[in-house]
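Colleague: I have just opened this entry and have not seen it before. Could you take me through it step by step?

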Amino acid sequence: MIDILKRCDYLYANLQDCEDKQNNPLKDGDCNICLKNNFSNIENDKYDCIKKLALYTLYFGRLYMEEIYYFITESKILELFLEKQNINILSLGAGFCPDNIALEKYISDNGLYLNYNYFGFDSEKNWRIVRNDKDTSIAKWRVIEDDIYEILPKVRSVLYDMNLYHYDIIFINKLFSSLEEVKKDIFLMKFTSAINNLPANSLIIFNDRSEFALIDKFRKAIPKSLFDLIGKYYIESSCCSRETDFVEISFDYTALNNNEKVNKNKTTFLVFKKVK
């Protein structure tokens, strides 16, 4: 994580600005405004600028990684696979791969005898520059690039050609809310069809902001005949206070510099287990 943040700091300080930075009202001459407009429902949820990717990682990076790390700590999902010793993990909307960083840290911190193969998908090819995948320190990350938004061939092969049978864990990190904002309902339809091919005892990890309508839409789409909802977790606030079986994930977080997000996010994690 430290290496990625250092790389992002360098990229943000040294790359040229977008040509339309000054005259585009969505950017208003400020990269921070451009980034914040990604979350304002004004059709600016794009990450096609390397400086924006760098700023995004500097702002959210360590917090996103810690959210996943403490979720893994609280839920003990990896301990479910210790007998297998080697598992396959798929991350949809991988970005700079905070889940991979959290997984690696948790396994190391707890001395688990567990190996995993990591497969990451994201629509934006420039994440390669942020991650610097040729760096030997992260060369073991197997990151596959494709366009999850338009369901292009490689992603379609994962979703349709019975390729999900060998995944033990699927992470969906902050992706569903983005797809909902750009009205990509096709993703949910295709994903819920494809997960029929997941092996028994595999897990789907849903990680997104704590909004009841958003969370409820996703969990209602997962077939109860095939999956049990075995875990419901939240950070900062539950998506539904009426449901008392949500478990709070509590951890200390303090921004280390002016580039980092100051407060923790209101986040929900759901864990679905394939029963058939």
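Modeller: One term is needed at the outset: a residue is buried under 20% relative accessible area, exposed over 50%, and partly exposed in between, with a 1.4 Å probe and protein chains only. Helices (H or I, at least four residues) and strands (E, at least two) are DSSP runs, numbered from the N terminus. This is a predicted model, in which local features need pLDDT of at least 70 and side-chain atom pairs count only at pLDDT 80 or more, while totals for chains, interfaces and linings use all residues. Residues are numbered from 1 along each chain as its sequence is written, and side-chain values use heavy atoms, with hydrogens and water left out.

Colleague: Let us begin with β1. How many of its residues are buried?

Modeller: Strand β1 covers residues 86-92, and six of its seven residues are buried, so the strand is mostly covered.

Colleague: Which way do β1 and β2 run, and how many bridges join them?

Modeller: Two strands pair if DSSP finds at least two bridges between them. β1 and β2 (residues 115-121) run parallel and are joined by seven bridges. Within this pairing, L90 stands opposite F119 in β2. Between the two strands the chain passes through helix α4 (residues 98-110), and this β-α-β crossover is right-handed. That term applies if, with the strands pointing away from the viewer, the path from the first strand over the helix to the second runs clockwise.

Colleague: And how many bridges join β1 to β4?

Modeller: Four bridges join β1 to β4 (residues 169-173), and these strands also run parallel. L90 has I170 as its bridge partner in β4, and S91 stands opposite F171.

Colleague: Which residues of β4 point which way?

Modeller: I169, F171 and N173 point one way, whereas I170 and I172 point the other way, and all are buried. β4 is thus mostly covered, with five of its five residues buried.

Colleague: What sense does the pairing of β4 and β5 have?

Modeller: β4 and β5 (residues 203-209) pair in the parallel sense over five bridges. In this pairing N173 stands opposite N207.

Colleague: A change of topic: how many aromatic pairs does the structure hold?

Modeller: The structure holds 18 aromatic pairs. One of them is formed by Y56 and F60, whose ring centres are 5.1 Å apart with planes at 50°, so the pair is tilted. Rings of Phe, Tyr and Trp (its six-membered ring) pair if their centres lie within 6.5 Å; planes under 30 degrees apart count as stacked, over 60 as edge-to-face and the rest as tilted.

Colleague: Where do Y56 and F60 lie?

Modeller: Both lie in helix α3 (residues 50-75), four residues apart, which is about one turn of the helix. Y56 counts as buried because its relative accessibility is 10%, and F60 counts as buried because its value is 7%.

Colleague: What about F119 and Y167?

Modeller: The ring centres of F119 and Y167 are 5.6 Å apart and their planes are at 80°, so this pair is edge-to-face. F119 lies in β2 and Y167 in the loop between α6 and β4, so the pair ties together parts that are 48 residues apart in sequence. Both F119 and Y167 are buried.

Colleague: Which residues form an aromatic cluster?

Modeller: Y56, Y59, F60, Y64, F96 and W127 form one aromatic cluster.

Colleague: How many disulfides are there?

Modeller: The structure holds zero disulfides; a disulfide is a pair of cysteine sulfur atoms within 2.5 Å. C8 counts as buried, because its relative accessibility is 0%. C97 counts as buried because its relative accessibility is 0%.

Colleague: Finally, what is the mean pLDDT of the chain?

Modeller: The mean pLDDT, the predictor's confidence in each residue from 0 to 100, is 82 for the protein chain, and 84% of its residues reach 70 or more. Over residues 135-162 pLDDT stays under 50. Where pLDDT is low, the predicted coordinates should not be read in detail.

Methods:
Contact means heavy atoms within 4.5 Å.
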